[in-house]
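Here is a friendly tour of one protein model, with a look at its rings, helices and strands. Keep the structure open beside you as you read.

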Amino acid sequence: MIALHYIEEGAPFPPVDTALEDPNGLLAFGGDLSPARLFSAYSQGIFPWFSDDEPLLWWSPNPRAIIELNEFVPSKSLKKLARKQKYTVTINHAFDRVINACSTIPRKNPNTGDFSDETWITEDMIAAYKQLNGLDLAHSVEVWHDDELVGGLYGVGIGKVYCGESMFHRESNTSKLAMLALVEHMKAYDMAFIDCQLPTDHLSSLGAKTLSREDFIEKLENNNHTLTDDGRLREDYLARWKPRVITP
């Protein structure tokens, strides 16, 4: 029998080292998707992941997958695509459209390997991350072919770390182009790494590596410079995510 921690309203998360080994990283259920709760979760290496027919579930898997910016591996075809300058890439120009597009893409369950049209990006999740974007804490990358949105990704910014959530493409390699542009942008602003949550073959091909949850959280804490002492977003944080063109 699984004994899982229940989070009452206003209560803190349990220590991440109490997460289950099977399923890997399941930490707790309950709570809410308020901006304060989500910011607290990501700051501690925790993220929500659940389907419409499940309670709100919180995860902190071990090991964890990240992409170190200098270890990102663009393929030859991706480099060639970038050189063609066929697409324009932006940040924070169309967050709502990006998350809505991501919610329609069939997903692979990392535990079973099966693909399903059922999305974990529920209506409640969409509303929560749109609210987080309105507070300058969630950020999108968009790939445009003329005026058409053809690829992109979204995630949460914690200090110098980008916690990736989901990506989509409507033309070949456009989600990877979004990732390339994000990596180059993060390098330009002396940021740290991309949190990929769970390892996949696709992410490994881009240079993702795994590290223990303990090491991941230490790296996260060392780069979590998000708020001032009086609780406002730091100016350097806001500067990183100002809407702009970032075509690589």
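## Aromatic pairs

In this predicted model, the structure holds eight aromatic pairs. One of them joins tyrosine 129 and tyrosine 154, whose ring centres are 5.9 Å apart with 70° between the planes, an edge-to-face arrangement. Tyrosine 129 belongs to helix α4 (residues 123-134) and tyrosine 154 to strand β10 (residues 148-158), so this pair ties together parts that are 25 residues apart in sequence.

Are these two tyrosines buried or exposed? Tyrosine 129 has 0% relative accessibility and therefore counts as buried. Tyrosine 154 also counts as buried, because its relative accessibility is 0%.

Next, look at phenylalanine 193 and phenylalanine 216. Their ring centres lie 6.1 Å apart and their planes meet at 75°, so this pair is edge-to-face. Phenylalanine 193 sits in strand β12 (residues 193-197) and phenylalanine 216 in helix α7 (residues 213-222), which means that the pair ties together parts 23 residues apart in sequence. Both phenylalanine 193 and phenylalanine 216 are buried.

## A ring cluster and a charge over a ring

Which residues join tyrosine 129 and tyrosine 154 in a cluster linked by ring pairs? Tyr42 and Phe95 do, giving a cluster of Tyr42, Phe95, Tyr129 and Tyr154.

The charged end of arginine 37 is found over the ring of phenylalanine 13, at 4.9 Å from the ring's centre.

The crossing of α3 past α4 is right-handed.

## A four-stranded sheet

Now turn to the strands. In what order do the four strands of the open sheet run? The order is β1-β2-β4-β3, and the pairing is mixed. At the edges are β1 (5-7) and β3 (47-48), each of which pairs on one side only.

Strands β2 (residues 26-30) and β4 (residues 57-59) are paired in the antiparallel sense, over three bridges.

Key
Residues are numbered from 1 along each chain as its sequence is written. This is a predicted model: local features need pLDDT of at least 70, side-chain atom pairs count only at pLDDT 80 or more; totals for chains, interfaces and linings use all residues. Side-chain values use heavy atoms; hydrogens and water are left out. Two strands pair if DSSP finds at least two bridges between them. Helices (H or I, at least four residues) and strands (E, at least two) are DSSP runs, numbered from the N terminus. Rings of Phe, Tyr and Trp (its six-membered ring) pair if their centres lie within 6.5 Å; planes under 30 degrees apart count as stacked, over 60 as edge-to-face and the rest as tilted. Buried means under 20% relative accessible area, exposed over 50%, partly exposed in between (1.4 Å probe, protein chains only). A charge sits over a ring if NZ of Lys or CZ of Arg is within 6 Å of the ring centre and within 35 degrees of the ring normal. A crossing is left-handed if the near helix is turned anticlockwise from the far one by less than a right angle, and right-handed if clockwise.
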